[in-house]
Amino acid sequence: MFLKEIILLWLGINNIHAHPNHPVVINTWAFVNSSIGAWNVLEKGGSSLDAIEIGGGVCESQQCDGTVGYGGSPDEDGETTLDALLMNGKTMKVGAVGSLRRVKNAISVARHVLEYTKHSILVGDLATKFAVQMGFKEESLTTQQSKNIWMKWRNENNCQPNFWMDVIPDAKQFCGPYQPKERSHQKSNTIKGDRFNHDTIGLVAIDKNGDIAAGTTTNGAKYKIPGRIGDSPIPGSGAYADNEVGGAAATGDGDVMLRFVPSFLAVEEMRRGATPTEAATIAIKRIAKYYPNYMGAVVALRKDGEYGAACHGLGDKPFPFVVRDTSMDKSKMVFIECP
């Protein structure tokens, strides 16, 4: 009995110190206010899910870089639509919305999908109908600024650049309606990614109980074809979480990145023993093998609190992300170089 008690005591002591940095939160880009919002939840003993929802909601309300929340990234019709995701690493449940119209709080709607339905993703007008049923306010997501951005693109730039390929535009202008033409190998005039067109906020958090959650929220790519959904609301692409391993979130050229489920890959590489930085790098390099000119980044957080990130295609600009844990007195911004 004495030996058994010693072993149990040793295990108890080591469990106490196994995760010295819990709670912890990490998010993409230099969105410090989102980190602060999420940390305020975690510091008070709140859940990782609450932290992700609050942190993402901060960016939505503050319209981070104009690419999160209302009033940014108008599509071809001038409308702003929203994508968001929340994943619970304890239950492996997901709630997400895509191409959400006329409701500002996309990540909170995603939380309601997670908690009040057996589904994982709702999209478009029917996602809006669901949100209104759940008590969310229906209102325009267009602002004068987003309207001006769209009008300049359409009227002064003749709808260029855009996301169409191998089509013939209206004979009188470069804008649609479009008709398919014979397939060719001409290069698309698609908009090149940069932080002001693809800087989705992705967050991963671990709470005091060791429960992990991850999430995203974005208004997508400027001038996208209406109805387009990128990687953000796709589980394993935009974000992924598993209590047994950790979590990850991605940002960048979503149409390319979603094909490689980089957040899932990063978590699985951590499961195999890779550090968070190594795992994120593997996920990033997998995409670059096929699309060397893409822009993107992945942040990864292991269940013990270690974090890391990797990026690609930002040129000579470093990729910033923000982290906060119990060893810090304020949120810390970290910069990494991209190949």
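Reader: Thanks! Let's start with helix α3 and helix α4: at what angle do they pack, and how far apart are their axes?

Author: Happy to. Keep in mind that this is a predicted model. Helix α3 covers residues 48–62 and helix α4 covers residues 106–116; they pack at an angle of about 150°, and their axes are 8 Å apart. Angles over 145 degrees count as roughly antiparallel, and α3 and α4 are therefore roughly antiparallel to each other.

Reader: Which residues in α3 and α4 meet?

Author: From α3 you have L49, D50, I52, E53, G56, G57 and E60, and they meet A106, I107, S108, R111 and L114 of α4. By type, the residues of this contact are five nonpolar, three polar and four charged.

Reader: Nice. Changing topic, what does UniProt list for "active site"?

Author: The UniProt record, an unreviewed entry, lists T200 under that heading. T200 is found in the loop between α7 (195–198) and β7 (201–206).

Reader: And which residues is T200 in contact with, leaving aside its neighbours within four places in sequence?

Author: T28, W29, T216, T217, T218, S232 and T251. T200 counts as buried, at 5% relative accessibility.

Reader: Where do D231 and G252 sit?

Author: D231 belongs to the loop between β8 (212–218) and β9 (239–242), while G252 is in strand β10, residues 246–252. D231 has a relative accessible area of 3% and is buried; G252 counts as buried too, at 3% relative accessibility. Not counting residues up to four places away in sequence, D231 touches S237, G238, A250, G254, M257 and L258.

Reader: What about helix α9? Why is it described as largely enclosed by the rest of the structure?

Author: Because seven of the 10 residues of α9, which spans 262–271, are buried. Those seven are P262, S263, L265, A266, V267, E269 and M270. They pack against β9, β10, α8 (254–257), α10 (276–290) and β11 (296–302). After α9 comes G273, with a positive phi near 115°.

Reader: I always check backbone torsions before setting up a calculation. Which residue other than glycine has a positive phi near 55°?

Author: That's N158. N158 is in the loop between α6 and β5 and is partly exposed, with a relative accessible area of 31%. R102 also has a positive phi, of about 65°, although it is not a glycine. R102 lies in the loop between β3 (93–100) and α4, and counts as partly exposed at 26% relative accessibility. For background, most residues other than glycine have a negative phi, and most peptide bonds are trans.

Reader: Then which residues does a cis peptide bond with omega of about -5° join?

Author: Q160 and P161. P161 is in the loop between α6 (144–156) and β5 (167–168). The peptide bond from G176 to P177 is cis as well, with omega near 10°; P177 lies in the loop between β5 and β6 (179–180).

Reader: Last one, the whole chain: how many helices and strands does it have?

Author: The chain has 10 helices and 14 strands. Of its 339 residues, 54% count as buried. The accessible surface is about 15900 Å², with 54% of that belonging to carbon and sulfur atoms. Among contacts between residues at least 6 apart in sequence, 64% join residues at least 24 apart.

Technical notes: Residues are numbered from 1 along each chain as its sequence is written. This is a predicted model: local features need pLDDT of at least 70, side-chain atom pairs count only at pLDDT 80 or more; totals for chains, interfaces and linings use all residues. Side-chain values use heavy atoms; hydrogens and water are left out. Axes are lines fitted to C-alpha atoms, for helices over the stretch in contact, and angles run from 0 to 180 degrees between N-to-C directions. Helices (H or I, at least four residues) and strands (E, at least two) are DSSP runs, numbered from the N terminus. Angles under 35 degrees count as roughly parallel, over 145 as roughly antiparallel, 65 to 115 as roughly perpendicular and the rest as oblique. Contact means heavy atoms within 4.5 Å. Ala, Val, Leu, Ile, Met, Phe, Trp, Tyr, Cys and Pro count as nonpolar, Asp, Glu, Lys and Arg as charged, and the others, Gly among them, as polar. Buried means under 20% relative accessible area, exposed over 50%, partly exposed in between (1.4 Å probe, protein chains only). Accessible areas come from the Shrake-Rupley method with a 1.4 Å probe; for residues, only the protein chains shown count as cover. UniProt positions are given in the numbering used here, feature names are shortened, and annotations may be inferred rather than shown by experiment.
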